[in-house]
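Subject: the model we talked about

Hi,

Here is the structure I promised to pass on.

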Amino acid sequence: MDPTDEHEGEHLDGNGVAGILQQVFAADFTTFQRVCQSCGDRNMGGALRSYLGAGIVLRCANCGDVAMRVSPRDREIVVEMRGVWSVAITSS
Amino acid sequence: MERLAPRKTPLVWRVATVRDVRTESATARTIVFDVPDWPGHLPGQHVDIRLTAEDGYEAQRSYSIASPPADHALELTVELIDTGEVSPYLVEELQRGDQIELRGPIGGYFTWQPADGGPLVLLAGGSGLVPLMAMLRHRDASGATVPVSLLVSARALPALLYRDELSCRARDGVEVSYTLTREAPSGWTGWNRRVDAEMLRAVGADPQRRPLVYVCGPTGFVEHVAELLVGLGHDPHAIKTERFGPSGG
Amino acid sequence: MALISRGFRGRRRTDVDPARIPPGQYVVEGFPVLSAGPTPHVPLDQWTFTVRGAVGEPRTWSWEEFLALPSEAVHTDIHCVTKWTKLDTEWRGVSVDTLLGGVDASAGFVMAFCDGGYTTNLPLADVTGGHAWVAYEYDGKPLEPKHGGPARLLVPHLYFWKSAKWVRGLEVLDHDQPGFWENLGYHNRGDPWKEQRYWSD
Ligand SMILES: Cc1cc2nc3c(=O)[nH]c(=O)nc-3n(C[C@H](O)[C@H](O)[C@H](O)COP(=O)(O)OP(=O)(O)OC[C@H]3O[C@@H](n4cnc5c(N)ncnc54)[C@H](O)[C@@H]3O)c2cc1C
Ligand SMILES: [Zn+2]
């Protein structure tokens, strides 16, 4: 498969932007569970689709609605989350 | 079965030193790094790399970890994108003894370990083979017997990664198949076309077998293969994907 | 302090007049593709452009009607809040003055709306007076979908997120209201020369 083939790729997976989000949560956001506010789909952060615009937009892979918006700046990172997220932090 | 869990260590930039470089194909090379205090990783995870020019300009990219957790050094395999900014530096410029910044491991979602079970179906486009190779290496290193079927799609023979190693690993429950999407040499016994449903069935990506399916490669490849898998009746939630972007090689 | 990577220079252009580069920006050769969502594919026979809101009767143009409006060639530099600047880009499009012609001056703002749900807000003063276009050609060719085609807003004196891709109309408002990125803390106006990236700038 060649990147110049027809199907031009426009998004990555949630996994592909996990580095920056790990700085925010100090935990691995790709394994957070999320229930979509629009379609009810339950999936993991790593399964979201990520788009890079002025900031990063993560969208539900099932319905395309916005799951998270991230704005990485020089001295801070602004994050907005939508839907129901459950975060399991194991203390070991 | 014992389960590896990534330790909770803050994600910090670490200075990695190039211990060795290895030619992996006509357009790719493997870079072996020494990373002090590396916290360990799971097969499938990646690192972020940060390059800084003298005037402070920075470029950052992600690269999958090719080496299995048990290895002492951290290996990345990078495919050259001629017009790229970072891959030409990593493939052509970086030398033994050089230092760069990296952080990781990142992304517990796209990982596999023996406790997750199988059978495993691994579908790789171009450099998308890298994280799947870490899974295969870990399976062998840990003595797991989970059946694995790996399909590797590449443009042409000289672009195939890890060829010798894969032919050694293709035994004891591991099957490796190839397809070349451009020209194939005479006498080529693999496929010579874009991945299609028939190919996926032939490598065991049949929903009845309930395989764990991992797809990795350029975004176009992953989109195409994921659509085919859903067409074969797979639950989209049972397919794990990792898109490398338009330039993932 | 970051570690310098021996021999790494990056791919940006360093041969340009610094006076053309707003603070904190670097110059790229290519045209990076940025978007907040998937590329929509609306057939041209279903495409329309609408001006509505505080303007009395809404006005709508079909694709054919839109192309029949007087158009202008625009040569300009563009600046993205993610810090890249691209010099000497060539566009063709319809001036927003033409589209808003005769709009009540008491209305002070517009909200651009787009396929895919994207929005961005602008003061009327920034999109009138020859400052903004709805562009459908780039470099002499139809604007590619990945760059916002069939048509995108072009407001080159502000950061490029204001130049909404896949734009389908302008809503004229008598009050300001934040758009998609503005309500996440991006600057309401976004002047690259004043480095107005975020609310706090
Ligand atoms: C999670 C993750 C893991 C990854 N793992 C790996 C890995 O293990 N190995 C690996 O090699 N890469 C990997 N990638 C991809 C990697 O991050 C870079 O995107 C890649 O190396 C290209 O970077 P670059 O700076 O060289 O190119 P860029 O400067 O980012 O982009 C090059 C530009 O050229 C265009 N282009 C790309 N290919 C071509 C082409 N063939 N012909 C013409 N134009 C082209 C692109 O559209 C782009 O505009 C991974 C990506 C992600 C998200
Ligand atoms: Zn949804």
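Below are my notes, starting with the ligand and then going through the chains.

Some housekeeping first: this is a predicted model, so local features need pLDDT of at least 70 and side-chain atom pairs count only at pLDDT 80 or more, while totals for chains, interfaces and linings use all residues. Residues are numbered from 1 along each chain as its sequence is written, chains are lettered from A and ligands numbered from 1 in the order in which they are written, and side-chain values use heavy atoms, with hydrogens and water left out.

**Ligand 1**

The site is shared between chains, because residues from A, B and C surround ligand 1. There are 24 residues around the ligand, and B:S62, B:Y63, B:E79, B:V86 and B:S87 come nearest (to be near, a residue needs a heavy atom within 4 Å). By type, the shell splits into eight nonpolar, ten polar and six charged residues; here Ala, Val, Leu, Ile, Met, Phe, Trp, Tyr, Cys and Pro are nonpolar, Asp, Glu, Lys and Arg are charged, and the others, including Gly, are polar.

Within chain B, β4 (58-64), β5 (74-79), α1 (87-93) and β11 (239-243) each supply at least two shell residues, and β4(B) gives the most, with four. (Helices, H or I of at least four residues, and strands, E of at least two, are DSSP runs numbered from the N terminus.) Domain 1 (14-106) and domain 2 (114-244) of chain B each put at least three residues into the shell; those bounds come from an automatic or database domain assignment.

- B:S62 has a backbone N or O atom 2.6 Å from a ligand oxygen.
- B:E85 has a backbone N or O atom 2.9 Å from a ligand oxygen.
- B:T77 has a backbone N or O atom 3.0 Å from a ligand nitrogen.

On its own, ligand 1 has 990 Å² of accessible area, and the protein covers 80% of that (Shrake-Rupley, 1.4 Å probe).

Two peptide bonds are cis, with omega near 0°: B:G104 to B:P105, and B:G118 to B:P119. B:P105 sits in strand β6 (residues 99-106), whereas B:P119 is in the loop between β6 and β7 (120-125). B:Y162 is not a glycine, yet its phi is positive, about 55°. You'll find B:Y162 in the loop between β8 (148-154) and α3 (163-169), and it is buried at 2% relative accessible area (buried is under 20%, exposed over 50%, partly exposed in between; 1.4 Å probe, protein chains only).

**Chains C and A**

Chain C has three helices and eleven strands, in the order β-β-β-α-β-β-α-β-β-α-β-β-β-β. Its radius of gyration is 17 Å, close to the 17 Å that the globule rule gives for 201 residues, so chain C is as compact as a globular protein of that length (C-alpha atoms; the rule is 2.2 Å times the number of residues to the power 0.38). Of the 201 residues in chain C, 52% are buried. C:K83, another non-glycine, has a positive phi of about 95°; this residue is in the loop between β4 (72-79) and β5 (84-95) and is partly exposed at 25%.

Chain A comes to one helix and eight strands, and 48% of its 92 residues count as buried. A:N62 is in the loop between β5 (56-59) and β6 (66-72), and is exposed at 52% relative accessibility.

Cheers

Conventions:
A polar contact is a pair of N or O atoms within 3.5 Å; within protein, one must be able to donate a hydrogen and the other to accept it, and residues adjacent in sequence count only if both atoms are side-chain atoms.
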